Amino acid sequence: MAGLLRTPLVLARNNLRVSAVRACPPALTRTFLINVKPAKKSKAKDETKINDTTTTTSPSSEATGATTDSKYRIETPPSAVVAFAHRLGLNNLKDQTLLMRIVTHPSYERVGVQTNEGLDTLGARALEMYVLEYLHVKYPKLPTETLQEAVEVYTRTSTLEIMAKELGVDDVARWVRSKPDVGYQLSSKTVKASVVRAVVGALYVDQGPAKAREFVHAHFLSRDFDLASLLQFKEPKLYLSFLMKRLGREVPVARLMSETGRKSKAPVFIVGVYSGTEKIGEGFGSSLKMAEFRANTDALKKYYMEEIKDFGLPSDVDIEGAVYTPTKIGDTQVIV
């Protein structure tokens with residue numbers, strides 16, 4: 001029973017310890033050791049110490065204004081991260097603390113370490129926006145579904161993984177593959193993709209939209225792929241007939257242009273599709289039906305893949321002195 005008794009002085013000291021810990025924000029309890037024992041100092045020195053502490057933790061002070069959140073410590077980037085930053089032009093970032101944040105995946109849980117979760121989300125949206133506006137203006141007649149698939153090709157994880165390998169993300173990314181309480185293992189593809197998107201997000205928030213767009217055009221839109229392969233038509237002949245009718249043109253007609261080996265084991269037929277006197281498509285095949293199918297598909301692809309050579313982008317207004325000139329947007333796709 002003697003161990004359960006507490007004198008008033010002991011109780012008061014314990015209450016002071018609890019109140020002091022509760023009053024202290026979590027960010028400070030990680031960094032500072034608070035002494036709850038009464039200090040044997042003069043009143044003047046105590047007042048000076050209180051004033052100094054208030055000045056240090058005040059939101060309006062210069063120390064607090066130097067960093068976005070005081071609970072995160074500033075990490076010195078290793079040489080690999082510095083080299084990575086120079087390759088991508090990130091050495092010009094105003095906030096150099098973003099470097100370690102870019103390469104740190106949320107799975108890398110460390111006290112006081114910022115991750116790229118926010119930059120990843122921002123970069124993903126900015127990347128999609130710049131890719132979408134570029135393809136939409138360059139190919140104004142492209143069907144909506146095909147346009148969305150094209151944006152997905154540029155921004156999907158497999159594409160970002162290839163870019164990450166070229167940029168050297170493997171040497172700088174910080175992440176943890178799995179945890180005991182998690183039933184799945186984190187894929188390295190996901191981590192690499194997040195770092196690439198975080199780069200776009202960091203440029204957007206630190207350097208502005210113009211720099212982020214410049215990066216996207218240099219590293220993403222400079223890569224070509226067979227965009228026409230995304231256009232798939234189950235009944236191209238019927239689809240083309242509806243399209244010509246809506247455009248006010250003559251009904252398309254298939255005509256045999258040339259052939260060889262009709263009675264052999266490997267015949268070849270070349271068929272052209274005409275609207276009036278204009279040939280709008282051409283195809284070949286081992287049968288007339290196959291050749292006509294390909295000719296109608298070729299006519300549809302030529303129409304929807306019509307490319308605008310000189311065009312401006314809506315994001316041109318982010319560049320100083322640039323003026324955006326709207327281009328003619330194509331009609332909606334035909335519904336059969």
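## Strands and their pairing

How many of the 8 residues of strand β2 (residues 268-275) are buried? In this predicted model, residues are numbered from 1 along each chain as its sequence is written, and side-chain values use heavy atoms, with hydrogens and water left out. Because it is a predicted model, local features need pLDDT of at least 70 and side-chain atom pairs count only at pLDDT 80 or more, while totals for chains, interfaces and linings use all residues. The answer for β2 is that 6 of the 8 residues are buried, so this strand is largely enclosed by the rest of the structure. Here buried means under 20% relative accessible area, exposed means over 50%, and partly exposed lies in between, with a 1.4 Å probe and protein chains only.

Strand β2 pairs in the antiparallel sense with strand β1 (residues 253-260) over 7 bridges, and β2 also pairs in the antiparallel sense with strand β3 (residues 278-285) over 7 bridges; two strands are said to pair if DSSP finds at least two bridges between them. On one side, Thr-260 has Val-268 in β2 as its bridge partner, and on the other, Ile-270 has Phe-284 in β3 as its bridge partner. The hairpin of β2 and β3 has 2 residues between the strands, and in this hairpin Gly-276 takes a positive phi near 75 degrees.

## The protein as a whole

The protein has 13 helices and 3 strands, where helices (H or I, at least four residues) and strands (E, at least two) are DSSP runs numbered from the N terminus. Of its 336 residues, 34% count as buried. The accessible surface comes to about 21,300 Å², of which 55% belongs to carbon and sulfur atoms; such areas come from the Shrake-Rupley method with a 1.4 Å probe, and for residues only the protein chains shown count as cover.

A contact means heavy atoms within 4.5 Å. Among the contacts with a separation of 6 or more, residues 24 or more positions apart account for 59%.

## The nonpolar core

The largest nonpolar core has 65 residues, and those with the most contacts inside it are Phe-84, Leu-90, Ile-102, Leu-135 and Phe-220. Domain 2 (70-231) and domain 3 (232-304) both give residues to this core, so it lies between them. A nonpolar core is a set of buried Ala, Val, Leu, Ile, Met, Phe, Trp, Tyr and Cys residues joined through side-chain atoms within 4.5 Å, and the domain bounds come from an automatic or database domain assignment.

Leaving out residues up to four places away in sequence, Leu-90 touches Phe-84, Ala-85, Gln-96, Leu-99, Ile-102, Val-199 and Leu-203.

## Salt bridges

Side chains of opposite charge can pair when their charged atoms come close. A search of the whole structure finds 13 salt bridges, each being a side-chain nitrogen of Lys or Arg within 4 Å of a carboxyl oxygen of Asp or Glu. One of them joins Glu-75 and Arg-174, whose closest N and O atoms are 3.0 Å apart. Glu-75 lies in the loop between α4 (62-66) and α5 (79-88) and Arg-174 in the loop between α9 (157-167) and α10 (188-206), so the pair ties together parts that are 99 residues apart in sequence. Arg-174 is buried, with a relative accessible area of 15%.

Another salt bridge joins Lys-192 and Asp-170, with the closest N and O atoms 3.1 Å apart. This pair links distant parts of the chain, since Lys-192 is in helix α10 and Asp-170 is in the loop between α9 and α10, 22 residues apart. Lys-192 is buried at 14% relative accessible area, whereas Asp-170 is partly exposed at 46%. Setting aside neighbours within four places in sequence, Lys-192 is in contact with Glu-161, Ala-164, Val-169 and Asp-170. In helix α11 (residues 209-219), Lys-211 and Glu-214 are 3 residues apart and so are separated by about one helical turn, and their side chains meet in a salt bridge (3.9 Å, N to O).

## Two partly exposed helix residues

Leu-288 is found in helix α13 (residues 288-304) and is partly exposed, with a relative accessible area of 38%. Not counting residues up to four places away in sequence, Leu-288 touches Leu-256, Phe-269 and Val-271. The C-alpha atoms of Leu-288 and Val-271 are separated by 7.4 Å, although these residues are 17 apart along the chain.

Glu-128 is found in helix α7 (residues 117-138) and counts as partly exposed at 34% relative accessibility. Beyond residues up to four places away in sequence, Glu-128 touches Val-151 and Thr-155.
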